[in-house]
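Open the model in your viewer and keep the selection tool at hand.

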Amino acid sequence: QLQLVESGGGLVHPGGSLKLSCAASGYNLGPYSIGWFRQAPGKERVGVSCIRASDSNTFYADSVKGRFTISRDNAKNTVSLHMNSLKPEDTAIYFCAIQRTGLTCALGPGSRFFFDSWGQGTQVTVSS
């Protein structure tokens with residue numbers, strides 16, 4: 001069964017940077033579009049970024065556009081999320097997941113329902 005593992009979270013000051021990594025165990029991520037989502041306490045899980053399988057085109061939520069960069073390394077079978085200029089509102093648990101249904105890499109309300117194989121998540125805290 002496909003299993004994803006997120007890593008790289010931590011505590012950073014506003015304006016700082018973090019690199020998150022999503023790794024697969026037992027399956028090649030190449031055929032899949034991969035999304036990064038985040039969930040803050042008391043709020044729903046929302047899409048942050050997505051990278052398409054075939055051409056590696058990238059997509060971002062407006063809230064992170066220009067600050068976050070998603071990429072994939074097929075040789076390492078990983079997907080990364082480089083987060084720069086972090087803000088307190090970026091504080092959340094970050095998850096990666098595989099898209100199974102729906103319009104490819106369409107990030108919007110309810111898009112989480114088109115993804116599965118969620119990892120355990122990694123905590124990102126941005127605080128002064």
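Select C50 and C105 and look along the S-S bond. The torsion about this bond is about -70 degrees, so the disulfide is left-handed. This is a predicted model, in which local features need pLDDT of at least 70, side-chain atom pairs count only at pLDDT 80 or more, and totals for chains, interfaces and linings use all residues. Residues are numbered from 1 along each chain as its sequence is written, and side-chain values use heavy atoms, with hydrogens and water left out.

Stay with C50 and C105. Their sulfur atoms lie 2.0 Å apart; a disulfide is a pair of cysteine sulfur atoms within 2.5 Å. The pair links distant parts of the chain, 55 residues apart. C50 sits in strand β5 (residues 46-51). C105 sits in the loop between β9 and β10 (115-116). Strands (E, at least two residues) are DSSP runs, numbered from the N terminus.

Now show the surface. Are these two cysteines buried or exposed? C50 counts as buried, because its relative accessibility is 0%. C105, at 3%, counts as buried too. Buried means under 20% relative accessible area, exposed over 50%, partly exposed in between (1.4 Å probe, protein chains only).

Next, select C22 and C96. They form a disulfide with sulfur atoms 2.1 Å apart. C22 is in strand β3 (residues 18-25) and C96 in strand β9 (residues 92-99), 74 residues apart. With 80 degrees about the S-S bond, this link is right-handed. Both C22 and C96 are buried.

Finally, show every disulfide. The count comes to 2. With the bonded cysteines numbered in sequence order, the pairing is 1-3, 2-4.

Note on methods: Helices (H or I, at least four residues) and strands (E, at least two) are DSSP runs, numbered from the N terminus.
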